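Student: I would like to learn how to read the features of a protein model with some care. Could you take me through one, giving the general idea before each case?

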Amino acid sequence: MIRSMQATDVPDVLALLNWMDDAPEREVFAPDARDARELSLECEDNTCLVLDGDEGVVAYCAVSPFRDGVVLEGPLAEAAVPGLGALLARAVEEAEGLPVYAFCARDNLAVRDALEQAGLSPLHTTDFYSAPLSQLTPAARAPDGHSVGRHLPLEAYRALYRDAEDAWAGRLDWGPEQYEAHFSRDDVRLIVLRRGDQPVGFAELELHPDDARADVTYLAVHPAERGQGYGRTLLALAAAEAETHPEVRTLRVRAHDHMRPARALYARAGLTHCRSVMTYLKEGDEEA
């Protein structure tokens with residue numbers, strides 16, 4: 001039976017999340033919580049569905065707002081259980097015609113098959129690369145005539161972001177409050193490289209000390225400034241910033257499959273591939 005998740009289902013869903021964590025190839029977009037109270041709070045804001053089996057919940061899927069539509073959390077199931085397709089179909093119905101996104105490990109073949117049967121199509125692959133901070137920080141110095149900053153005016157940020165890449169176009173709609181709130185977070189850093197008064201690029205960094213890792217969530221170099229080593233300098237500066245936090249030992253970056261210059265940059269810097277995630281999409285109905 002497919003039904004809404006109840007408070008009594010939390011232990012079963014936590015067991016599914018912990019099962020997923022045991023092997024990278026099982027990864028799907030899923031709740032961050034690994035605690036009963038935190039998971040209950042997360043689920044209050046989403047439409048959470050479960051599939052019952054003979055001995056409790058055997059599968060989980062949820063729907064939450066994302067970009068111009070919704071994103072699926074899951075599906076999570078330890079095996080290709082009967083009814084998984086129906087659970088996904090019910091979750092897609094909850095989107096009410098809006099675009100439906102989903103994310104899973106490239107090697108999660110069971111979930112990929114289920115998503116495609118539910119009408120979602122692969123959009124792109126995102127590859128992740130990592131390296132020890134100590135490998136990158138020796139190059140952490142600004143070239144002559146350049147300086148390093150920690151802030152950009154919102155309009156300058158938008159302009160450089162727009163010129164460099166539009167994949168996160170939602171950020172172009174940020175107002176001053178959203179911009180300041182994001183970069184005021186304790187786990188977020190902005191590293192700006194300037195030549196004179198002109199910003200030539202920036203790197204955004206998110207710190208994950210519990211995982212001994214920092215993520216470069218975005219790296220932008222103005223197209224007119226490429227080919228001068230700014231990308232590698234920004235990577236090194238980001239690693240140096242991460243190194244100020246003793247718990248952090250590794251820097252991780254990402255690139256979509258069409259971003260060949262970024263992939264080449266990471267290879268030259270000595271980062272190695274560590275993870276691949278597939279993005280799926282079911283287009284929305286025009287009348288939605």
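Tutor: What follows is a walk through cysteines, helices, loops and backbone angles.

Tutor: This is a predicted model, in which local features need pLDDT of at least 70 and side-chain atom pairs count only at pLDDT 80 or more, while totals for chains, interfaces and linings use all residues. Residues are numbered from 1 along each chain as its sequence is written, and side-chain values use heavy atoms, with hydrogens and water left out.

Student: How many disulfides does the structure hold?

Tutor: A disulfide is a covalent bond between the sulfur atoms of two cysteines; here the term is applied to a pair of cysteine sulfur atoms within 2.5 Å. The structure holds zero disulfides. Cys61 is in no disulfide, since the nearest cysteine sulfur, that of Cys48, is 9.3 Å away, and for Cys104, likewise in no disulfide, the nearest cysteine sulfur is that of Cys61, 12 Å away.

Student: Is Cys61 buried or exposed, and is Cys104 buried or exposed?

Tutor: Buried means under 20% relative accessible area, exposed over 50%, and partly exposed in between, with a 1.4 Å probe and protein chains only. Cys61 is buried, at a relative accessible area of 0%, and Cys104 is buried at 1%.

Student: Which residues of helix 7 are buried?

Tutor: Helices (H or I, at least four residues) and strands (E, at least two) are DSSP runs, numbered from the N terminus. An α-helix has 3.6 residues a turn, so residues three or four places apart point the same way. In helix 7, residues 176-183, the buried residues are Tyr179, His182 and Phe183. Seen down the helix axis, these residues fall within an arc of 85°, so they line one face of helix 7; the arc is that of the directions from the helix axis to the C-beta atoms. The buried residues of helix 7 pack against helix 6 (154-164), strand 8 (188-195) and strand 9 (198-208), where contact means heavy atoms within 4.5 Å.

Student: How do helix 8 and helix 9 cross?

Tutor: Two packed helices are described by the angle between their axes and the distance between the axes. The axes are lines fitted to C-alpha atoms, for helices over the stretch in contact, and angles run from 0 to 180 degrees between N-to-C directions. The axes of helix 8 (residues 230-243) and helix 9 (residues 260-268) come within 10 Å and cross at roughly 60°. Helix 8 and helix 9 are therefore oblique to each other, given that angles under 35 degrees count as roughly parallel, over 145 as roughly antiparallel, 65 to 115 as roughly perpendicular and the rest as oblique. The contact is made by Gly231, Arg232 and Leu235 of helix 8 and by Leu265, Tyr266 and Arg268 of helix 9.

Student: Where does Asp9 lie, and which residues does Asp9 touch?

Tutor: Asp9 lies in the loop between strand 1 (2-4) and helix 1 (10-21), and at 5% relative accessibility Asp9 counts as buried. Not counting residues up to four places away in sequence, Asp9 touches Arg3, Ser4, Val50 and Val57.

Student: Which residue has a positive phi of about 50°, and which has one of about 60°?

Tutor: Arg67, although not a glycine, has a positive phi of about 50°; Arg67 is placed in the loop between strand 3 (56-66) and strand 4 and counts as exposed at 57% relative accessibility. Ala212, also not a glycine, has a positive phi of about 60°, and Ala212 is buried, with a relative accessible area of 14%.
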